[in-house]
Amino acid sequence: MNRKQFLEVLFDVDHISTCGWNDASATKPKPVFPDLISDRGVKFSINPIIDNRDTPNVVKAGLYSMLFEMDKTPEGKLIPRDTQIDLFRSSGLPYSTMTWSGTKSVHVIVRMEEPIPKDLFPILWEAIARVLTKHGCSIDPATKKIPQISRMPESIRKDPILDDDKQIIGWEEPSKQDLIEVRKRISRSELGEWLKLNGESIKKPKPPKPFKPVKTDRSNLDKWRIARKWTEKKHGTYSSYWTTGGWVWLINLGVNLRKLECDLQQGITFSQTEWGQWVETGQGQRDITEPITKGWMWLDKKG
């Protein structure tokens, strides 16, 4: 069992992916075969791309894989590596690969035989996560993104040590991202049977109705959508893969959420669901809650 076998399960011979030392650098397209077989990067796109790692690219190239990861209990207690492995295996989930992150989490990838429709992807991911939760797996919701990355097995991970100002002051001890298991690609029927056995079923979503905000519509979700549109009109369309500009964009989103009287916590939750928990800044990753809250509170300071 080696990285080549791992990649052969996840990708076709002509697929392009990406691999890098962090989220920001894992964007440049590279042929999976032969480039990724010997790449020293620690993070890679679990789905093929074309010329960039973003949602349109992944959907166009083929959305095949879903990532499921855990490391802590709901109470925040770290789960030992062997326990994580046992929980995934005992759940009966038909998965394709299993990898150790090198520090605290096991990553499991479900690689489907056929592409997953974009509108079905979040529904399918959430159904699988619900079943895994029933089996004691506390799944990280941040792994639901379409342009998802994971840990490249057999690479050596070396994380920076940051001070209170997010400046690098040293490096953690190197650790290997172990390849634990390689299985096969998963059929719709196989996954469907597992979901059915565990009380879940997948229904194809109905086409969404166009969003038309009206004065009488006061739901927090609608307010969040309007705030997003206002922010995009002035600052462009935000991407969680921006390496600069994301902090300011989210501050402006927070300002607009406050102007629309959107509940702050609801606005943060919608944003985390859409873009994940982190925003890239010049000082490394920061919690997305910080700039949104900063913008939301800005009007108080102005007043």
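A strand, as I use the word here, is a DSSP run of E of at least two residues, numbered from the N terminus. The model I am reading is predicted.

**Entry 1: Trp171**

I looked up where Trp171 sits, and found it in strand β11, which covers residues 168–171. Next I checked its exposure. Buried would require under 20% relative accessible area and exposed over 50%; Trp171 has 49%, so I wrote it down as partly exposed. Trp171 also belongs to a nonpolar surface patch of about 320 Å², made together with Leu162 and Ile168.

**Entry 2: the open sheet**

In which order do the strands of the open sheet lie? I noted three strands in the order β2-β4-β8, with antiparallel pairing. The edges are β2 (19–20) and β8 (149–151), and each of these pairs on one side only. As a reminder to myself, strands of a sheet pair through backbone hydrogen bonds, either parallel or antiparallel.

I then followed β2 to its neighbour. Two bridges join β2 to β4, residues 43–45, and the two strands run antiparallel. Opposite Gly20 I found Lys43 of β4.

**Entry 3: Thr18**

Thr18 lies in the loop between β1 (16–17) and β2. Is Thr18 buried or exposed? Its relative accessible area is 0%, so I recorded Thr18 as buried.

I looked at what the side chain of Thr18 reaches. Another goes to the backbone oxygen of Lys28, at 2.7 Å. Leaving out residues up to four places away in sequence, I listed what Thr18 touches; among them are Ser25, Ala26, Leu36, Ile49 and Arg53. The list also includes Lys43, Phe44 and Ser45, and I had already placed residues 43–45 in β4.

**Entry 4: strand β6**

Which residues cover the two sides of β6, residues 97–100? I found Thr97 and Thr99 on one side, Met98 and Trp100 on the other, and all are buried.

I looked up two pairings of β6. With β7, residues 106–111, β6 pairs in the antiparallel sense over four bridges. Thr97 has Ile109 in β7 as its bridge partner. With β13, residues 179–182, β6 pairs over three bridges, again in the antiparallel sense. Here Thr99 stands opposite Leu179.

β6 and β7 form a hairpin with five residues between them. Gly102, in that turn, has a positive phi of about 100°.

Definitions and conventions
Residues are numbered from 1 along each chain as its sequence is written. This is a predicted model: local features need pLDDT of at least 70, side-chain atom pairs count only at pLDDT 80 or more; totals for chains, interfaces and linings use all residues. Side-chain values use heavy atoms; hydrogens and water are left out. Two strands pair if DSSP finds at least two bridges between them. Patches are made of residues with over 30% relative accessible area and no salt bridge: like charges are joined within 9 Å, nonpolar side chains (Val, Leu, Ile, Met, Phe, Trp, Tyr) within 5 Å. Accessible areas come from the Shrake-Rupley method with a 1.4 Å probe; for residues, only the protein chains shown count as cover. A salt bridge is a side-chain nitrogen of Lys or Arg within 4 Å of a carboxyl oxygen of Asp or Glu. Buried means under 20% relative accessible area, exposed over 50%, partly exposed in between (1.4 Å probe, protein chains only). A polar contact is a pair of N or O atoms within 3.5 Å; within protein, one must be able to donate a hydrogen and the other to accept it, and residues adjacent in sequence count only if both atoms are side-chain atoms. Contact means heavy atoms within 4.5 Å.
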